[in-house]
Number of protein chains: 2
Amino acid sequence: MCHAHVAAVVRQRLQKEGRRFHSRRNFLKFGGLATAGLALGAHLPATLARAQDAREVIDLTHVFTTNPPTYVLGAVPSKEVLVTVENDGFYMQQWTFGEHTGTHLDIPAHFAADGETVENYPADVFIAPAVVIDIAARAEEDPDAMVTVDDLLAWESANGEIPEGALVCMYSGWESRWEDVEAFRNADEDGVMHFPGFSGEAAQWLLDERNINGIGVDTLSLDIGPSTTFDVHLTVLPAGKYGIENLKNLADIKGRNATLFVGIPRYEAGSGGPCRVLALV
Amino acid sequence: MCHAHVAAVVRQRLQKEGRRFHSRRNFLKFGGLATAGLALGAHLPATLARAQDAREVIDLTHVFTTNPPTYVLGAVPSKEVLVTVENDGFYMQQWTFGEHTGTHLDIPAHFAADGETVENYPADVFIAPAVVIDIAARAEEDPDAMVTVDDLLAWESANGEIPEGALVCMYSGWESRWEDVEAFRNADEDGVMHFPGFSGEAAQWLLDERNINGIGVDTLSLDIGPSTTFDVHLTVLPAGKYGIENLKNLADIKGRNATLFVGIPRYEAGSGGPCRVLALV
């Protein structure tokens, strides 16, 4: 992956599509990260109590490969074998990848100039009750389907209020396309991708009305594929919350009492990065 | 990091020091990985019951930087900024690193030609009760101090039997040297490193007498620095168990009822890799 090329492509796309970033807006609205941080983690005892009856671990993480679907076409990881058991007595590989590859976290600094980076982001928010919003039926008809406020209210009608510290996940069924890069990116003839995501309003409602830790999706972006304004990223991340993209197996935890463990290496100055997401059910 | 150079250096060191690898010995003794795998994870309900009273998350993970101490001198990660919020609307970095850098896992394939790799290694063993064996006083006198069978028996006399599925960790106090690469590697004039680790006998006893998930250390290697036979690696990994190197903050969980969550991205064909280790106490 040639980083100079990637940066140029991204810059060109952004300019061409007239994307607007207002990374201070929500950051200031929510009183900055320090304030947001203080409330994080208070949910831990309740979350662990919920996890008490778990008997199974379900992996929500795609295998991290050198040919995954990526937001910027072709910006894939590479790897090399450094030594082998046969030749050297032990085996190891070397990896090169951008931080937003595979099943990975978005941390506030990804979209907020003053946002926290991975190594300093509070760790206790990575243990969180899961809420899975199923829009798979709608996504089958409309690839640009969105999680709406109505979807969140309908979930609450059936399941009770979204718990404190939740990681609210969209299940769109998109993971079944993961092995097919073209189908997962689903770009039209103009190169505009089409896949489901949260609506900006739903993200805002979660921040205004509930005390979540973050949101997750089974697609390449928290926003829908054709978004040029990144409303969801710019709502969630500058507010000090995190996002997870390219989750899998959400159907297996839907409607169950699931507690998530998110494990991300402490990448210095990281904007996010590849992680492990395990569900206790 | 030049991988060809690293491989050459490692090969030369191994040949020069006459290291012997017998990666099949313990693998066969323990009936292969498939059998070992069947017993993994059975501890989950008991482990979660132990975690029930946890109220705090302690991070056992060093920040993943471009200048950490490394087993092979100078084989450090590198990173580049691909895009920035200021110039591009969002921020991300690209990383290059060997799999055994920073706080990281060793998975069976690291030392066993037929060992399982990261992406297929069972996930439920990554939730484990912690046992911390404190040899810091001895390590202060002797940098080549080892966790012995007597240390394990002494721990059990004080605390009861090592729990099912435990991650048994050596606390040697070495983490206080982490910011000083030379002090952490502690190489003598011949380039031989001196730091604490497990003894081969202690590792073998844990496999024979208790049902552990893995072992961890706050140093660069499961074996002591001057080891040329890698007895501990060759006992633990071919038996299907895992190791964690370069842990921190073990003193903070010593003697407490701690449950560990180990999060490693599912590196394809991975021999191990950078991970997050969180303790619930």
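**Start in strand β9 of chain B**

Select B:Val168 and look across to β9(B): the residue standing opposite is B:Ile215. Keep in mind that this is a predicted model.

Now widen the selection to residues 167–171 and 214–217 of chain B. These are strands β7 and β9, which pair in the parallel sense over 4 bridges.

Next, pick B:Cys169. Setting aside neighbours within four places in sequence, its contacts include B:Ile215, B:Gly216 and B:Val217. Also on the contact list of B:Cys169 are the run B:Ala130, B:Val131, B:Val132 and B:Ile133, plus B:Leu247 and B:Leu250. What makes A:Cys169 and B:Cys169 stand out in the largest nonpolar core? Of its 156 residues, these two touch the most other members.

Zoom out to the whole sheet in chain B. It is open, with 9 strands in the order β1-β13-β11-β5-β7-β9-β10-β4-β12 and mixed pairing. Go to the edges, β1 (57–59) and β12 (272–274) of chain B: each has a single partner strand, so one side of each is left without a neighbour in the sheet. From one strand to the next, the twist averages 25°.

**Over to chain A**

Select the open sheet here: 9 strands, mixed pairing, ordered β1-β13-β11-β5-β7-β9-β10-β4-β12. At its edges stand β1 (57–59) and β12 (272–274) of chain A, each with a single partner strand, so one side of each lacks a neighbour in the sheet. The average twist is 25° from one strand to the next.

Last stop: in chain A, β7 (residues 167–171) and β9 (residues 214–217) run parallel, joined by 4 bridges. Click A:Met170, and you'll find its bridge partner in β9(A) is A:Val217.

How values were computed. Residues are numbered from 1 along each chain as its sequence is written. Chains are lettered from A and ligands numbered from 1 in the order in which they are written. This is a predicted model: local features need pLDDT of at least 70, side-chain atom pairs count only at pLDDT 80 or more; totals for chains, interfaces and linings use all residues. A nonpolar core is a set of buried Ala, Val, Leu, Ile, Met, Phe, Trp, Tyr and Cys residues joined through C-beta atoms within 7 Å. A residue is buried if 20 or more other C-beta atoms lie within 10 Å of its own, exposed if 12 or fewer, and partly exposed in between; C-beta atoms are placed from the backbone. Two residues are in contact if their C-beta atoms, placed from the backbone, lie within 7 Å. Two strands pair if DSSP finds at least two bridges between them. Helices (H or I, at least four residues) and strands (E, at least two) are DSSP runs, numbered from the N terminus. Axes are lines fitted to C-alpha atoms, for helices over the stretch in contact, and angles run from 0 to 180 degrees between N-to-C directions.
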